[in-house]
Amino acid sequence: MALGRTYSVALVGLNGYIVEVEADIGQTLPAFVILGLPDASLNEAKERIRSAAHNSGIPLSRRKITANLIPASLPKRGSGFDLAIAMATLRAADDIRATGRTVFIAELGLDGQLRPVRGMLPAVMSAVQAGYTDVVVAQANAAEAALVPGARVRGYKTLARLAFDFGADPQELALDFEPDDEPAGDDSEAVGVAAPDMCDVSGQGDARRALEVAAAGAHHLLLTGPPGAGKTMLAERLPGLLPDLGDTEAMEVTAIHSLCQLRSSSLQLVRRPPFENPHHTATSAAIIGGGSGLPRPGAASRAHRGILFLDEAPEYERRVLDALRQPLESGELVIHRSAGTAAYPARFQLVLAANPCPCGKASGKGVECTCTPTMRRRYLARMSGPLLDRVDIQLQVDRVSLADFGQSGGEEDTATVGGRVLAARARQLERLRPLGMETNSQVPGRVLRGDLRLVPATTRILDHSLERGVLTARGYDRVLRLAWTLADLGSRDQPDANDIGQALSLRQVASAAA
Amino acid sequence: MKAKDLLGRRGEELAAEYLESLGMLIVERNWRCPDGEIDIVALDGDALVIAEVKTRRSLAYGHPFEAVGSDKLARLHRLGSAWCRDHELRMPLRRVDVIAVLDDGVCVPTLEHLKGVG
């Protein structure tokens with residue numbers, strides 16, 4: 001037997017492809033060649049595999065080893081192929097028995113230890129979809145791999161143990177080598193920190209209400225106000241109001257996080273909506289995704305099914321802000337780079353926070369503001385019209401008054417508000433599912449003015465505004481969307497005139513700036 | 001003579017006996033020129049065999065085959081041409097063989113043979 005065959009998975013973005021690994025031992029001088037578009041880290045696998053096998057007691061053949069990764073045209077990167085190549089080589093030398101359709105995904109240490117790799121969840125998902133259900137991974141990756149329904153996962157700590165289970169001679173194997181467990185990293189930390197609660201916010205009735213509406217209808221949100229008004233504090237409390245992720249959503253989110261984490265330690269599905277808070281100096285590659293070779297997901301994709309919070313939004317580069325228009329529209333980011341094209345999901349709820357002007361003091365009467373009117377106008381205009389067009393709620397937040405600040409306590413907490421949000425989401429789903437939608441923010445104007453048309457008596461104030469030119473047609477639709485959410489929160493079957501009035505008041509900035 | 005040279009000597013002796021046992025005819029041993037040395041020149045039927053012998057006491061510093069890199073291989077091919085020129089022979093069939101001998105001085109030495117490398 002001079003040919004060994006095993007399977008592994010190559011990830012392109014979140015999509016995995018089954019890679020067949022052939023190893024051949026030729027009767028010529030010692031060498032190790034890897035074919036099939038390996039990148040630098042994969043080429044280093046030769047030395048890792050040679051040392052790992054030697055230190056596991058089953059040295060590789062002293063002949064020419066040729067490993068071929070099929071399909072050869074697919075670029076392959078990273079250290080996850082180490083184990084599959086090692087097993088194919090051992091099989092070629094007849095050290096172990098054939099491994100059948102088992103998929104191997106792990107990095108090898110020089111001591112023969114199996115090490116975890118990134119992107120385990122999407123890799124195993126692809127393997128199972130392709131009909132390869134037996135998966136061998138590093139022990140530290142086993143819990144994550146086992147999240148995939150239908151996968152039969154086996155975790156090993158060392159190459160020697162694995163080779164033993166595939167019939168290698170126990171006399172030669174270094175079976176007594178037991179590496180220490182990986183220190184359990186991020187998980188304990190996540191449990192320890194309590195999520196920020198709504199009851200910490202004193203006063204700010206309007207803003208609290210806007211937050212609740214944003215959470216209930218998944219509306220994008222813009223908060224403007226002077227420094228210290230509590231914009232960031234409010235935004236951080238939004239994820240707590242959102243309902244838990246469903247099974248499919250949780251799988252999507254966990255898959256992205258698995259790709260981003262260096263030390264993969266996701267032992268369970270991510271059930272809470274993620275919150276991404278990039279700094280305003282971030283480049284478009286950091287927000288959208290990118291990097292050399294195959295693109296990696298950016299903050300927008302990490303915020304998938306959660307919140308993307310852009311604090312000091314006008315300070316971002318305009319290019320970066322406008323790049324968000326594509327995912328806001330399609331819920332997906334397609335990134336092209338030299339080594340291939342990757343598509344990452346990016347269906348996030350956008351929360352923007354902005355000062356009213358560069359000096360930040362132009363709220364209320366704005367007497368302290370040192371900015372010229374031109375500076376003020378330019379500042380907010382950095383957020384382009386097409387971007388703000390998609391932001392349903394645009395709210396001005398003022399500094400909290402002394403009266404409100406003094407009597408803290410008695411504010412509603414996250415659990416109470418979250419309960420109302422959950423109920424409102426259920427009502428939306430019931431109404432919108434037949435139309436193929438889930439939340440009010442997704443409803444197009446066509447439907448708002450068609451199937452969900454309201455009686456003229458209710459919309460009179462809106463129609464009037466439209467006639468007078470105070471409101472644009474697009475603004476009209478946005479008010480309707482908000483009104484529906486307000487009705488859902490109030491457990492009413494349809495928005496009434498009162499809901500429309502409230503919805504209008506949630507768009508203060510738009511009327512002032514746009 | 002130093003111990004390591006003695007070991008090499010013994011290895012070449014073993015390799016020569018082995019090649020003869022395969023039915024080859026040993027033409028010349030330790031042929032030298034300014035470019036280097038050929039351990040064994042032999043005839044295998046019509047083919048001229050340039051044989052390089054590597055002898056080691058143990059595998060502690062790697063397998064003997066691992067000591068034959070691409071540079072050395074290229075030199076062996078050059079030496080083959082040089083030998084033919086020197087002897088005014090035309091040998092269209094020519095190949096380089098490498099023979100590894102493991103001899104710890106206690107057990108029976110083991111011998112591995114790679115034909116027609118590089």
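Predicted model: local features only at pLDDT ≥ 70, side-chain atom pairs only at ≥ 80, totals over all residues.
Chain A contains 24 helices and 18 strands. Along the principal axes, the C-alpha atoms of chain A fill a box of roughly 90 × 50 × 45 Å. Of the 514 residues in chain A, 47% are buried. Among the contacts in chain A with a separation of 6 or more, 73% are between residues 24 or more positions apart.

Two domains are assigned in chain A: domain 1 covers residues 3-165, and domain 2 covers residues 192-437. Their C-alpha centres are 40 Å apart. The contact between them involves 18 residues from domain 1 of chain A and 17 residues from domain 2 of chain A. On the side of domain 1 that touches domain 2, helices α4 (120-129) and α5 (139-145) of chain A each supply at least two residues. Helix α4(A) gives the most to this side, with four residues. By class, this side of domain 1 of chain A is made up of 11 nonpolar, three polar and four charged residues.

An open sheet in chain A is formed by five strands, with parallel pairing, in the order β11-β14-β17-β10-β18. Strands β11 (275-276) and β18 (393-396) of chain A stand at the edges; each has a single partner strand, so one side of each is left without a neighbour in the sheet. Within the sheet, β14 (residues 307-310) and β17 (residues 349-354) of chain A pair in the parallel sense over four bridges. In one of these strands, β17(A), Gln349(A) is the bridge partner of Ile307(A). Helix α8 (residues 205-217) of chain A packs on the sheet, where α8 touches β10 (221-224) and β18 of chain A. The direction of α8 makes about 165° with that of β18(A).

The peptide bond from Ile70(A) to Pro71(A) is cis, with omega near 5°. In α3(A), 11 of the 11 residues are buried, so this helix is largely enclosed by the rest of the structure. The buried residues include Asp82(A) and Arg91(A), together with Leu83(A), Ile85(A), Met87(A) and Leu90(A). Just after α3(A), Asp94(A) takes a positive phi of about 65°.

Most residues other than glycine have a negative phi, and most peptide bonds are trans. Positive phi values are also found at two further sites. Glu312(A) is not a glycine, yet has a positive phi of about 50°. Glu312(A) lies in the loop between β14 and α14 (318-323) of chain A. With 17 other C-beta atoms within 10 Å, Glu312(A) is partly exposed. In chain B, Asn30(B) has a phi near 50°, a positive value in a residue other than glycine. Asn30(B) is placed in strand β1 (residues 25-33) of chain B, and is exposed, with 11 other C-beta atoms within 10 Å.

Technical notes
Residues numbered from 1 in each chain as written. Chains lettered and ligands numbered in written order. Pairing = 2+ DSSP bridges. Contact = placed C-beta atoms within 7 Å. Axes fitted to C-alpha atoms, helices over the stretch in contact; angles between N-to-C directions. Buried ≥ 20, exposed ≤ 12 C-beta atoms within 10 Å, placed from the backbone. Domains from an automatic or database assignment. Nonpolar A, V, L, I, M, F, W, Y, C, P; charged D, E, K, R; others polar.
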